[in-house]
Amino acid sequence: MTITNHFIDIETEPGISIHNLNPYIKDLLAENPVTNGYVLVFARHTTTALFINEYEERLLDDIKVYLEKLAPPDAKYLHNDLHLRVVPPDEPINGHSHLMAITLNNSEYIPIVEGNLALGTWQSVMLIDLDGPRKRNLLIQIFGE
């Protein structure tokens, strides 16, 4: 069994942005001799998340609206009381982003079968940045034989 680790950076847009990771993962699979195994995708930030769903523009807009209903950006959050804690000078007001993130996953496992992601026809692995714009870093770990 082999295990390879890959770190990728993604520049995100302001607010909530969703990024299709399938092209990144497929490129890494093409470089790795794994026929059967798994891919682990891990988001290394507390205001990002990962999910698998259909990468369709109107659905992506629905997801953003849904998350903003769960944790409205203009609501009162104790995390936003920056004067009550030690923070870096560029600390954002982002309590809502942290709460959105805990309703989602920070990792996804995807099976590899015969060298390909075993996703359904319309499934894509997606990164959602809940507090952009930022440079985000992901770990993609490929393991198998």
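A residue is called buried when its relative accessible area is under 20%, exposed when it is over 50%, and partly exposed in between (1.4 Å probe, protein chains only). By this rule Phe-143 is buried, with a relative accessible area of 17%. The model is predicted, so local features need pLDDT of at least 70 and side-chain atom pairs count only at pLDDT 80 or more, while totals for chains, interfaces and linings use all residues. Residues are numbered from 1 along each chain as its sequence is written, and side-chain values use heavy atoms, with hydrogens and water left out.

Helices (H or I, at least four residues) and strands (E, at least two) are DSSP runs, numbered from the N terminus. An open sheet is formed by three strands in the order β2-β7-β4, with antiparallel pairing; two strands pair if DSSP finds at least two bridges between them. Its edge strands, each pairing on one side only, are β2 (15–20) and β4 (48–54). From one strand to the next, the twist averages 30°. Axes here are lines fitted to C-alpha atoms, for helices over the stretch in contact, and angles run from 0 to 180 degrees between N-to-C directions. Seven bridges join β4 to strand β7 (residues 123–132) in the antiparallel sense. Within this pairing, Ala-49 has Ile-128 of β7 as its bridge partner.

Two helices are placed against these strands. Helix α2 lies across β2, β4 and β7 and runs at about 140° to β2. Helix α3 also packs on the sheet, where it touches β2, β4 and β7, and its direction makes about 155° with that of β7. Contact means heavy atoms within 4.5 Å.

A nonpolar core is a set of buried Ala, Val, Leu, Ile, Met, Phe, Trp, Tyr and Cys residues joined through side-chain atoms within 4.5 Å. The largest such core has 19 residues, and those with the most contacts inside it are Leu-21, Ile-25, Val-39, Val-41, Ile-140 and Ile-142. At least two residues of this core come from each of β1, α1 (22–31), β3 (37–43), β5, β7 and β8. A second, separate core has 14 residues, including Ile-16, Leu-67, Met-126 and Ile-128. When neighbours within four places in sequence are left aside, the contacts of Ile-142 include Thr-2, Ile-3, Leu-28, Tyr-38, Val-39 and Ile-112.

Three aromatic pairs are present in the structure. Rings of Phe, Tyr and Trp (its six-membered ring) pair if their centres lie within 6.5 Å; planes under 30 degrees apart count as stacked, over 60 as edge-to-face and the rest as tilted. The ring centres of Tyr-109 and Phe-143 are 6.1 Å apart and the planes stand at 90°, so this pair is edge-to-face. Tyr-109 belongs to strand β5 (residues 107–113) and Phe-143 to strand β8 (residues 135–144), so that the pair links distant parts of the chain, 34 residues apart. Together with Tyr-38, these two residues form one aromatic cluster.

Five salt bridges are found, each defined as a side-chain nitrogen of Lys or Arg within 4 Å of a carboxyl oxygen of Asp or Glu. One of them joins Asp-9 and Lys-135, at 3.8 Å from N to O. Asp-9 lies in strand β1 (residues 2–11) and Lys-135 in strand β8, so the bridge ties together parts that are 126 residues apart in sequence. Asp-9 is partly exposed at 43% relative accessible area, and Lys-135 is exposed at 53%. Another salt bridge connects Lys-76 with Asp-81, with 3.0 Å between the closest N and O atoms. Lys-76 is exposed, at 63% relative accessible area, whereas Asp-81 is buried, at 16%. Arg-85 and Glu-91 also meet in a salt bridge, at 3.6 Å from N to O. Arg-85 is partly exposed at 31%, and Glu-91 is partly exposed at 22%.

Two backbone features occur in loops. Most residues other than glycine have a negative phi, and most peptide bonds are trans. The peptide bond from Gly-132 to Pro-133 is cis, with omega near 5°, and Pro-133 lies in the loop between β7 and β8. Glu-114, a residue other than glycine, has a positive phi near 55°. Glu-114 is located in the loop between β5 and β6 (116–117) and is exposed, with a relative accessible area of 64%.
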